[in-house]
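Here's a quick briefing to read alongside the model. Keep the sequence and the 3D view open as you go.

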Amino acid sequence: MFCENCGKQIPDDAAFCTHCGAKQLGGSAPSQPISTLPKPQPVRSSPPPQPAQAVGGIDLITMGQYLIMFLITAIPIAGIVMLFIWGFGSETGPNKKNFARAYLVMMAIAIVLGILISVVMGAIMASIMGSMYYY
Ligand SMILES: [Zn+2]
């Protein structure tokens, strides 16, 4: 027979499903007169290929919106503020949210790298300047 909860095949006399543990109501009867054929599941045929524009429910970011976002992120402080609002705001769509978060991560990496490079360059410059005084 088949589990009433998950539909997997389990022993005919099983009182509980061996897969999900659900109690089987018909399990106590040793021989079920009911057909043990699996329920005709509505097999979903492969969905017709949808054009990318027709995806419902997902906020598609158009090229114009991307351009506006890039322009806003180019503004020094307002851009970062807007990225935080997009990245952690509740009314923002998932695409915009991920974009904003990725942008923030990229920015953080760039800032860290920038600091590291300036520190290294500063150390090199200092050593060059220091050695110049000796000669
Ligand atoms: Zn089950």
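In which helix does M107 lie? M107 lies in helix α3, which covers residues 94-134. Before going on, know that this is a predicted model: local features need pLDDT of at least 70, side-chain atom pairs count only at pLDDT 80 or more, and totals for chains, interfaces and linings use all residues. Residues are numbered from 1 along each chain, as its sequence is written.

**The overall picture**
- The chain has three helices and zero strands, and reading along the sequence gives you the pattern α-α-α.
- Helices here are DSSP runs of H or I with at least four residues, strands are runs of E with at least two, and both are numbered from the N terminus.
- Take the contacts with a separation of 6 or more: 21% of them join residues 24 or more positions apart. (Two residues are in contact if their C-beta atoms, placed from the backbone, lie within 7 Å.)

**Helix α1 and its partner**
- Helix α1 (residues 63-74) and helix α2 (residues 76-88) have axes that come within 5 Å and cross at roughly 125°.
- Those axes are lines fitted to C-alpha atoms, for helices over the stretch in contact, and angles run from 0 to 180 degrees between N-to-C directions.
- So α1 and α2 are oblique to each other: angles under 35 degrees count as roughly parallel, over 145 as roughly antiparallel, 65 to 115 as roughly perpendicular, and the rest as oblique.
- On the α1 side the contact uses I72, T73 and A74, while α2 brings A78, G79, M82 and L83.
- Zero of the 12 residues of α1 are buried, so α1 lies largely in the open.

- M107 is partly exposed, with 14 other C-beta atoms within 10 Å. Its C-alpha atom is 9.2 Å from that of I80, although M107 and I80 are 27 residues apart along the chain.
- Q65 sits in helix α1 and counts as partly exposed, with 14 C-beta neighbours inside 10 Å. Q65 and K96 are 31 residues apart in sequence, yet 9.7 Å apart C-alpha to C-alpha.
- A14 is in the segment before α1 and counts as exposed, with 12 C-beta neighbours inside 10 Å.

Definitions and conventions: A residue is buried if 20 or more other C-beta atoms lie within 10 Å of its own, exposed if 12 or fewer, and partly exposed in between; C-beta atoms are placed from the backbone.
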